[in-house]
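Subject: Structure handover

Hello,

Here is the structure I said I would pass on. My notes on it follow below.

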Amino acid sequence: AGIERMEIIKGPDALLQPTGVPGGTINLVTKRPQFAAAGSITIQAGQYDSNRVELDSTGPLGQSGKLAYRLVTALQDSDGYTDRTFRKSLFVAPSLTWRLAKNVQLTTRYEYYNFKASNLEGLPIDPSVGTNTGFKLLPGIPLDFSPALSEDYSFRRVESHTGTFLLTATITDNLSVRVAGRMTEEATPDTGYAWGPNTQGGSRNPLTGLWEGGLIYSSASPYAATAAPALSTTYGHTGTSSDQHLRYRDLQNDWVYTAKADWVASTTMAGYAYGFEHQNQDSRNWTAQSFSTTNFTVDTAVPTPSANLSNARRRELERSQFYLTEKAEFLDGRVIASAGVANLSYNGYFGSKVSTAAQTGIAGRMYPGSGNKSTVNYGLVVKPLRTVSLYYGHSESAVPTTNFQSVTERLAQDGRDISFSVGKQDEFGAKAQFLDTRV
C-alpha cells in the first residue's frame with residue numbers, strides 16, 4: 001500500500017548499478033505527498049485471504065503552496081483456506097512535504113506496521129511414496145487439515161515504527177545535494193511448530209540414494225533392509241519461539257555536479273553513507289500435546305515451555321561508506337564512459353549468551369569484528385547507430401560477514417580472512433532495436 005511503483009532491472013547491469021547483484025536490481029519508490037489533490041479507496045472481500053481496505057489521500061495544505069500531505073493506510077483481517085489460519089495487518093503512513101525555498105524540498109514520513117499471521121505446519125506425506133513414485137498424502141487427511149494451536153502460540157508477527165526524511169536542494173544550475181535518513185524500531189516475535197509420526201515409514205537406500213517407502217535400511221554395510229513397522233497415527237508436536245528486537249539507523253548524503261561543453265557532458269557524484277543495526281534475539285523450545293490424525297481434536301491446552309533459552313543472540317554492526325562516481329558522454333551521447341570507487345568500513349560484535357551442545361564458541365562471549373575494503377567499477381557504452389549499443393562493464397562488491405564468530409574461528413583454523421564476501425563481475429554485450437522497437 002505504501003509503494004508508488006517498483007523499478008526492476010533484470011540481470012546484471014554494472015554500468016547503471018555498479019554495486020548491484022548479478023540477478024538484478026529492484027528499486028521500491030514510496031508514495032510521497034503531491035501538490036495536486038487526489039484520493040482513492042480500495043475494498044476487497046472474499047472467502048480466503050481477502051477482507052482488506054486501503055485508503056490513499058494527498059494534496060496541498062493551506063494556500064501557501066509550500067506544504068503538501070499524504071496519508072496511506074491499509075487494514076486486512078482474513079482467514080486462510082487451511083483450518084485456523086489467518087492474517088491480520090494494519091499499515092499507517094502519514095507524510096509531509098515542505099518547500100523551504102524554490103529549489104529546496106523536505107519530505108518527512110512516519111510508517112507504522114503491525115502484522116500477525118499464522119504459521120502453516122504442513123500436511124503429512126504418505127511415507128510409502130518413494131523418490132520415483134507419485135506424491136500422495138496420508139489416507140483420510142483433508143487438504144485443509146492443520147493441528148495449529150491458537151493464534152497465541154503459532155504465529156509470525158512484525159510490529160515496526162519507521163521515521164524517514166529526504167532533503168533535496170539544487171544549489172546552482174550544476175550542483176545539487178540530497179540528504180536522506182531513516183530510524184526503525186522493529187519487534188518480530190514468532191512461534192513455529194512442527195509435527196511428525198512416532199514411527200518411521202521408510203528410509204533412504206544408502207546404495208542408490210533414493211527414498212523407499214516401507215523399508216528401513218541399516219546404516220552399516222551391507223545395508224540390510226527390513227520391513228518398516230506400521231505407521232503410527234499419533235504425532236508429536238513441538239515448536240520454537242523467537243523474540244527478536246531490531247534497531248536500524250541510516251544516513252546518506254549525495255552531491256551531484258554536472259558540466260557540459262561542446263564535446264563532453266560530465267556527471268560527478270560523491271557521497272557518504274552511514275548505517276547502524278542492532279539485534280537482540282532470544283529463542284526457546286516448546287512442547288505441545290501429541291495428537292491423533294484418526295481421532296483429531298483441536299488442542300486447547302497451553303504448551304509447555306523449556307526451562308532454558310535455546311539461544312540468546314546479540315549482534316551489532318556499524319558501517320561507513322565513501323563513494324565517488326564519474327560519467328562522461330561524448331559525441332552527443334554516442335560514447336559513454338563511467339568509473340567509480342567506493343570504500344566500506346565496519347565494526348561490531350556477534351555472539352550468544354547461552355551455550356548449547358552443538359555450539360563451538362564460548363557461552364557469553366561477544367566476538368568482535370571489523371574490516372575495511374575498497375572496490376572499483378568502470379564501463380563503456382558505444383553506439384555506432386542510434387538503435388545499436390555495444391557495452392562493457394566491470395563491477396566489484398564487498399559485503400561484511402556479520403557472523404563474527406565464524407570469521408574468528410576460520411582465521412584461527414587456517415588463517416583465512418572471510419570478514420568480507422567479495423564479488424567481481426565483468427559484463428559485455430550488444431543491444432539493438434528494430435522496426436520502431438517492435439524487435
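The lining of the second largest pocket takes at least two residues from each of strand 8 (155-170), strand 10 (190-197), strand 15 (234-260) and strand 16 (264-292). Strands here are DSSP runs of E with at least two residues, helices are runs of H or I with at least four, and both are numbered from the N terminus. A pocket is an open set of points on a 1 Å grid over the protein atoms alone, where a 1.4 Å probe fits, with protein on both sides within 12 Å along at least five of seven lines; lining residues have an atom within 4 Å of a point.

The model is predicted, so local features need pLDDT of at least 70 and side-chain atom pairs count only at pLDDT 80 or more, while totals for chains, interfaces and linings use all residues. Residues are numbered from 1 along each chain as its sequence is written, and side-chain values use heavy atoms, leaving out hydrogens and water.

Back to the pocket. Its space is about 170 Å³, a volume being the space filled by probe spheres set on grid points joined across faces, edges and corners. It is lined by 14 residues, and P189, T191, S241, S242 and D243 are the closest to its centre. Strand 16 contributes the most, four residues.

The protein chain as a whole has one helix and 21 strands. Its C-alpha atoms fill a box of roughly 85 × 60 × 60 Å along the principal axes. Of its 439 residues, 33% are buried (under 20% relative accessible area; exposed is over 50% and partly exposed lies in between, with a 1.4 Å probe and protein chains only).

Some single residues are worth a look. F35 sits in the loop between strand 2 (24-30) and strand 3 (38-44) and is partly exposed, at 24% relative accessible area. Beyond its neighbours within four places in sequence, F35 has contacts (heavy atoms within 4.5 Å) with residues including P60, L67 and R99.

Most residues other than glycine have a negative phi, and most peptide bonds are trans. N51, not a glycine, has a positive phi of about 50°; N51 is in the loop between strand 3 and strand 4 (52-61). R84 also has a positive phi, near 60°, and lies in the loop between strand 5 (67-79) and strand 6 (86-101). S221 and P222 are joined by a cis peptide bond, with omega about 10°.

Regards
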